[in-house]
Structures are given as C-alpha cells and as structure tokens.
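The following text walks through a protein model, beginning with a sheet and moving on to helices. Please keep the sequence and the structure in view while reading.

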Amino acid sequence: MQIYAVGGAVRDELLGLPVKDRDYVVVGSTPEAMSKLGYQPVGRDFPVFLHPVTHDEYALARTERKTTRGYKGFEVSAAPEVTLEQDLARRDLTINAIAKAETGELIDPYGGCRDIEARVFRHVSAAFIEDPVRVLRVARFMARFTDFSIAPETLALMREIVSSGEVDHLVAERVWQELARGLMEAQPSRMFETLRACGALARIMPEVDRLFGVPQPPQYHPEIDTGIHVMLVVDYSAAQNYTLPVRFAALTHDLGKGTTPSAEWPRHHGHEARSVGLVKALCQRIRVPNECRDLALMTARYHGDVHRAQQLRPITILNMLEATDAMRRPERFAQFLQACECDARGRPGFETCDYPAADHLRNALTAAQSVDAGAIAHNGATSDVGERIRAARLLAIRHALGVMQDDDVP
C-alpha cells in the first residue's frame with residue numbers, strides 16, 4: 001500500500017498558499033484492508049475513508065468510465081491494480097493532478113508544475129469533456145486564482161461541453177454549490193466572464209447573461225453596459241469581504257434591466273419589479289438557500305428607493321422598514337444596505353463616493369426601534385394598538401430625520 005497527497009493541497013503548497021484540507025490517494029489497497037487499519041468508510045459512490053486520528057480523507061486509487069449524461073454518469077473502478085498515474089489521469093486540470101509521496105517527491109506525469117509556473121489552467125486529457133461540473137470548477141478557479149488564464153484548447157473543450165448539452169444535465173444543488181464558492185472568491189466577475197466565454201452562462205443563468213450589451217444612462221453609469229456594471233458591483237462586494245447573501249444580492253439586483261424593451265433604452269422604468277420575478281425564478285431553479293434568496297429579493301425590489309432615501313417622506317421610509325422586516329431583522333437590514341452600497345459604488349469613479357443614504361436609513365431604523373411598543377400596548381385600547389405603535393414610530397422617524405410633515409398618515 002502506497003499513500004500520496006494529491007489535489008488542492010499539493011497545488012496550493014506549490015503556489016505558496018495556506019493549505020486548508022489535505023486529501024490522499026491510496027494505491028494497492030482494498031476497502032477491507034483500509035477498515036482493518038481503522039479507517040472509517042464515508043464514500044457512497046466510490047471508496048473514501050477517514051483517517052482514524054487526523055480524519056483526513058483517503059480515497060482508493062480509481063478510474064472512471066463515462067456511462068451516461070451528467071456529472072454522476074460514471075462507472076468507477078477502485079481495484080488494487082489501479083496505478084497512481086491512472087488515478088491522476090481522471091482529474092480535471094494538470095495543476096490538480098500532481099501527487100506528493102511520503103518522502104516529499106513530486107509525481108507530475110501531466111505537467112502540472114509547468115502549468116503552475118505559467119499560470120495556466122489546462123485539462124489533463126480529452127476525458128475532461130465527460131464531466132460538465134468541470135466548466136463550473138474552471139470558472140470558479142478563475143475567480144480564485146486571478147493571475148491564471150485558461151489554455152485555448154481547454155476553453156475549446158468547455159465550449160464543446162456546453163454545445164453538447166451536458167451542462168443542461170447538471171444537478172441544481174451542484175450548480176449553486178459551485179456558484180456560491182465562486183462568489184466568495186477574490187474576483188467573482190472572472191467566474192461569470194469565463195462562463196460567458198464558453199456559453200455556459202446563457203444556459204445556467206440566462207437572467208444574468210442577458211444583461212450584457214444592455215445600455216444604461218451614461219450620466220449615472222459611466223460603464224454604460226449593465227452586465228459590466230453588475231460585475232463591478234459583485235467585485236466591490238468581494239473587495240469589502242461581504243457575506244455570501246450580500247454578494248448574491250449584488251449579482252442579481254438589476255436582473256429586470258435585461259427585460260427592458262430596447263426601444264426604452266437606456267432608461268429602465270420599473271426594472272425593480274421585474275427583477276423580483278426573475279430573482280424568484282432563478283432561486284427556485286438552482287435551489288438558492290432562503291437566506292440568500294430573501295436578501296436578493298429585498299435588494300432587487302428596494303435598491304432604487306434606498307439610493308434616494310434622503311428624498312423619501314418619513315412614511316415611505318417606515319413602509320420600507322416594515323416591508324423589509326427591519327425592526328425584527330436589523331442584521332439582515334444591515335446586509336441589505338451593504339448590497340445597495342455595492343450597487344452605488346460599482347461604477348467607474350464612484351468606488352469611494354459617499355453614500356449618505358445608508359446612514360439616513362440607519363438613523364430612521366434606530367428611531368423606530370426606540371419606540372416602546374410594549375408600553376404603548378399596555379396603555380390604551382387593544383383594538384388600535386398596531387396603529388398607535390405605527391404612529392409613534394413615524395413620529396420618532398420624523399424627529400430623527402428632522403422632517404416634520406403634517407401630511408404623513410401612518
């Protein structure tokens with residue numbers, strides 16, 4: 001039995017990056033032999049075991065043969081006769097097909113070290129086209145390793161995967177998993193640009209793909225192109241190290257602009273309402289978690305109102321606070337304001353602009369939260385308690401913002 005470190009741990013070590021998880025491949029063993037040594041089996045589709053002490057993953061060397069569409073359509077063989085080179089051959093990219101022996105020796109049969117030096121993503125073999133997830137993985141790696149490029153022949157294979165219809169058979173949960181990981185990388189725009197370059201974005205997220213080429217008013221958007229704007233917004237959210245829900249909201253806030261009739265360009269009247277429906281459909285299709293979906297819907301619907309918060313009447317602000325459940329979910333409202341800030345600053349020349357709208361709404365929320373709803377409910381009739389609490393909150397917001405308008409009705 002021979003054990004080798006493989007995959008991302010070896011790659012990241014060679015790149016001088018911190019190693020998070022270590023994976024190992026075991027050559028010349030069997031499931032029974034691994035169990036006798038105390039390894040705990042965890043693999044369902046192929047033999048994977050956890051080390052009895054470190055709990056690192058140890059997989060038996062295996063080969064794969066494509067049998068049907070989709071990323072699960074493989075027949076796996078993990079016999080003791082499978083060699084290390086055969087196991088490495090089934091991997092996606094050469095930089096992920098390097099092994100390290102217990103002696104420290106590197107085994108690199110497919111030129112991964114060379115491609116690390118050249119900062120190139122290159123497929124290991126023509127079998128790359130058999131797994132559609134690899135399109136998503138390469139795109140995600142582009143977002144993480146921002147000084148890498150894709151070998152032209154590998155990009156050609158990615159286009160072939162798309163044109164063959166393989167990406168249409170991806171499981172929704174796996175699509176979201178890869179997209180979410182890519183959104184959390186250093187430069188998420190590179191993931192979406194890669195998916196667009198190979199044609200996959202139009203199949204996986206057509207709502208985002210159709211934003212490219214759609215113009216916006218240049219006085220507000222020097223970048224003009226809506227797709228470019230959204231990429232700038234997403235990258236700004238990453239630069240601020242914002243959470244996944246904020247980054248997803250940044251990605252999807254303007255989807256409605258992709259459905260504006262071209263005769264109305266560059267204006268996009270009513271795009272917020274259209275965005276809401278598109279966000280709902282996208283989230284349902286790729287199984288987006290509720291936390292990300294809900295923040296994206298809020299941002300799509302209300303980001304325009306937030307931008308002009310200082311021009312809004314106190315009653316309109318109170319309505320927004322209630323619609324976004326800000327009193328009960330202030331932490332989510334804070335994320336909502338972050339997403340709106342990304343929208344405002346995701347424009348050339350606006351990256352460091354002041355964004356007083358956020359403070360304006362934070363002050364309004366603080367004022368509304370200062371109202372003692374319990375005391376109001378205790379004093380007076382119960383039939384109109386809701387109206388009295390709302391009136392008190394409106395009055396508090398008026399005072400906090402220095403806007404006393406007699407025509408506001410709670």
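**From the sheet to the helices**

In β8, the bridge partner of A5 is K100. The model is a predicted one, in which local features need pLDDT of at least 70 and side-chain atom pairs count only at pLDDT 80 or more, while totals for chains, interfaces and linings use all residues. Residues are numbered from 1 along each chain as its sequence is written, and side-chain values use heavy atoms, with hydrogens and water left out. Helices (H or I, at least four residues) and strands (E, at least two) are DSSP runs, numbered from the N terminus.

Strand β1 (residues 2-6) runs antiparallel to strand β2 (residues 23-27), and five bridges join them. Three bridges join β1 to strand β8 (residues 99-101), again in an antiparallel arrangement. Two strands are taken to pair if DSSP finds at least two bridges between them. Four of the five residues of β1 are buried, so the strand is largely enclosed by the rest of the structure. Buried means under 20% relative accessible area, exposed over 50%, and partly exposed in between, with a 1.4 Å probe and protein chains only.

These strands belong to an open sheet of seven strands with mixed pairing, in the order β3-β4-β5-β2-β1-β8-β9. At the edges stand β3 (40-41) and β9 (106-107), each with a single partner strand, so one side of each has no neighbour in the sheet. Within the sheet, strand β4 (residues 48-50) and strand β5 (residues 57-60) run antiparallel and are joined by three bridges; L50 has E57 as its bridge partner in β5.

Next come the helices. Helix α5 (residues 133-144) packs against helix α7 (residues 172-183) at an angle of about 10°, with the axes 9 Å apart. Axes are lines fitted to C-alpha atoms, for helices over the stretch in contact, and angles run from 0 to 180 degrees between N-to-C directions. α5 and α7 are therefore roughly parallel to each other; angles under 35 degrees count as roughly parallel, over 145 as roughly antiparallel, 65 to 115 as roughly perpendicular and the rest as oblique. V133, L136, R137, R140 and A143 of α5 make the contact with R174, V175, E178, R181 and G182 of α7, where contact means heavy atoms within 4.5 Å. By class, the residues of this contact are four nonpolar, one polar and five charged. Ala, Val, Leu, Ile, Met, Phe, Trp, Tyr, Cys and Pro count as nonpolar, Asp, Glu, Lys and Arg as charged, and the others, Gly among them, as polar.

Helix α7 is also among the elements that cover the buried residues of α11, together with α8 (189-197), α12 (244-252) and α16. In α11 (residues 226-239), 11 of the 14 residues are buried, including H229, D235 and Y236.

Helix α17 (residues 356-369) has 14 residues that should span 20 Å at 1.5 Å a residue, and its end C-alpha atoms are 20 Å apart, which agrees. The expected span is 1.5 Å times one less than the number of residues. The buried residues of α17 pack against α14 (290-307), α15 (314-323), α16 (330-345) and α19 (385-401). With α15, the packing angle is about 75° and the axes are 11 Å apart; α15 and α17 are therefore roughly perpendicular to each other. I317, M320 and L321 in α15 meet H360, L361, A364, L365 and A368 in α17. This contact has seven nonpolar, one polar and no charged residues.
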